[in-house]
Amino acid sequence: MEFFLISMLNGVSYGLLLFMLSSGLTLIFSMMGVLNFAHASFYMLGAYFAYQTSLKVGFWWALLIAPLAVGVIGALVERFMLRRVHKFGHVPELLLTFGLAYLVEEFVHLVWGRSSVDYKVPAALDHPLFTLYGTTFPAYRGFMMGVALLMLLAIYLLLKRTRIGMVIQASLTHPDTVEALGHNVPRVFMLVFGGGCALAGLAGVIGGNAFVTEPGMAAAVGSIVFVVAVVGGMGSLAGAFVASLLIGIIQTFAVALDYSFVNLAALVGVAITPQTPLYVVWKLTIAQVAPIMPYLFLVLILIFRPRGLMGTREG
Amino acid sequence: MAAIRFQPINLARWIIWGGFALLLIIMPHLFHQGFALTLLCQIGTIMIFSLSFNMLLGQAGMLSFGHAVYSGLGAYIAIHTLNLIGKNGLPFPVTLLPLVGGVAGAFFGVLFGYVTTKKSGTPFAMITLGIGELVAAMALMFPDFFGGEGGISTNRVAGKPLLGVITYGPQIQVYYLVAAWLFLCTAAMYAYTQTPLGRIANAVRDNPERAEFIGYETQRVRYLVLILSGFFAGVSGGLASINFEIVSAENVSAIRSGTVLLFTFIGGVGFFFGPMIGAVLFGLFIVVLATITNAWLFYLGLFFVLMVMYCPGGIAGLIMMQMPLLRARRLKEMLPSYGIALAAGLVLLAALIPAVEMLYYHSLESASGGPEMKFLGTQLNVLSAPPWIGVAVLAVAGFALLAVARRKVRAQWDKVMGEIASGGLS
């Protein structure tokens, strides 16, 4: 029970962080059809910016400044780079963001060096929140979950309850009509791209110190975020939410479980020994398989439900 | 009716392919240092790899982020076969080893392609990324097959020598093996573009809906193309395993997949020979530039982004743009404006390179080496103002020159092309 609750909490908090990342990606994709390959790079930039600003003005200001700075960079990227290749189609857009991911990583090397930086959890949150069966749950994890849920609420309200949200939703399906009504659709795109990047930046601010802020952090989550977007259903925000939680929980549980087929077979009374054919497969523990779980999940989803968990269209 | 050509003896084709073969034969005599020979072998294998990649990206519109899976797994199967030949005396000639890699690549194409080609466009790209990560992660899970961190190593001098003398011990013999396979594969891949499958792959790229309408199942076309492409990727993997005598998890990694994508695109995906230019650039970047500077990945990323933004046809596209001028014998009228553009580019490079090098030096090495950086025989103090002012001045001058060059090139281009077009009508 103790193991279950603690793993569940950790899994949910990791899943919520994944959602913060994938929500921006999904939002951008559903609006502009652009898959932002550099999305995780913006996450990394968020973490580094937060580290730099928190040295000067403290964590709380960094929580505000870093996502805004990342958002501005995102908007500039849309305005001066993506818009230029937009007319060539979606594949060049994807290639551009792919190249951008290289550039951002090298930029981080250039400015902060090749090793990790000492981006710490703020002192105000550096204490246990509660103790469960003798295991403490850090307050910062609780804070992460709170921020993610607040963000979810804010996106929901922004999209469903405000005027700009209406315009964004309308531009999604009927860009020409929206333009005819006098709205500047390219500017809406720029705002959405910048906003999506800012969300990634926010995830970086609160994820960078919960995990570790290093040049490899973008590559570490980058492909997982794509898995979340595909599993949830391309362009579905609700799907991204479910998929993030699912993958977060599965991964957290998997790394802690040290069982393999050998144990399973022993339970039903079959002994698997090194002489059994394919022993290398049977002896793998769930913990060892954990890194490939999300990708296996992706393949299974694609075979059995190609439009994703909550996707509305195939494509 | 211009599309129907029947030319039993196509002179241009004989000249081009003959020239290509001749070039492959004399190359090692032009560059005969040991280092150059290894580099040539590497470029040859990458050439096959990037051509196979372009079967997907350029010819069928399938952007794959996991193409290293096929070359890498092909390389693994090939190197295990090579070990069997060497240690267990399997009677199989080393000369045909790339074929083993190719069959393995095609096999994994059948396996993974079934899942990935269900989608096209952006979702296809994401799924190939996922499959690539899956295989890369598995490489560390099954150390018996993948050799863990250290990889699998071998000795390519195995089995009976070909014709009694060719053992593939000396690098020059490996070079000619690579060259022969390169020639064969290039010819096969070019021939493929002329087949009905190659043509319908173009149609699926340009307009999948209409391809479906005339009775072709696009998913099936993508699947077949992927299998073929996997075959040639596997051949290049097999050659790489002979060339390096080691295959490690790096061969199936996302980095390898990304590299082939970058260079294929830079070379140019719109034309058959584009990826070959990309492979040569790969040699220059990865092998030469990477030994000179820490920042080569930055230059590569920047180069790639600029290509995507301003020159989506790649270098091959730039070359082919000049063809109408060349045919009208009017290329020389463009040369003055090209000269200005070249000068602008050189000035900008002269600003960019010291700036990037100084930044890298500052962040990576100044802690141990002090603020003085050696650069092209001079000492630059990265913390003092003068080098930075110099860089800024060069940058401003470069951008100003670039603005002039853009205007001149465009004006001259419109003028010459307009005259060619109206001349053609009269």
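**Group meeting talk: cores, chain contact and domains**

Good morning. Leaving out its neighbours within four places in sequence, V225(A) is in contact with L18(A), L21(A), S22(A), L25(A), H39(A) and A40(A); two residues are in contact if their C-beta atoms, placed from the backbone, lie within 7 Å.

This is a predicted model, in which local features need pLDDT of at least 70 and side-chain atom pairs count only at pLDDT 80 or more, while totals for chains, interfaces and linings use all residues. Residues are numbered from 1 along each chain as its sequence is written, and chains are lettered from A and ligands numbered from 1 in the order in which they are written.

V225(A) belongs to the largest nonpolar core, which has 180 residues. Together with L21(A), Y43(A), M44(A) and V228(A), V225(A) touches the most other members. A nonpolar core is a set of buried Ala, Val, Leu, Ile, Met, Phe, Trp, Tyr and Cys residues joined through C-beta atoms within 7 Å. A residue is buried if 20 or more other C-beta atoms lie within 10 Å of its own. A second, separate core of 8 residues includes A295(B), Y361(B), M373(B) and L380(B).

Let us turn to the contact between the chains. How many residues does each chain give? Chain A gives 39 residues and chain B gives 34. On the side of chain A that touches chain B, α3 (59-85), α4 (90-112), α9 (217-232) and α14 (293-304) each supply at least two residues. Of the elements, α4(A) gives the most, with 14 residues. By class, this side of chain A has 30 nonpolar, 6 polar and 3 charged residues. Here Ala, Val, Leu, Ile, Met, Phe, Trp, Tyr, Cys and Pro count as nonpolar, Asp, Glu, Lys and Arg as charged, and the others, Gly among them, as polar.

Now chain B as a whole. Its secondary structure comes to 17 helices and 4 strands, taken as DSSP runs (H or I, at least four residues, for helices; E, at least two, for strands) and numbered from the N terminus. Buried residues make up 40% of the 426 residues in chain B.

Finally, the domains of chain B. An automatic or database domain assignment divides chain B into domain 1 (11-312) and domain 2 (323-425). Their C-alpha centres lie 33 Å apart. In the contact between them, 4 residues of domain 1 meet 4 residues of domain 2. The domain 1 side has 2 nonpolar, 2 polar and no charged residues. Thank you.

Conventions
Buried ≥ 20, exposed ≤ 12 C-beta atoms within 10 Å, placed from the backbone.
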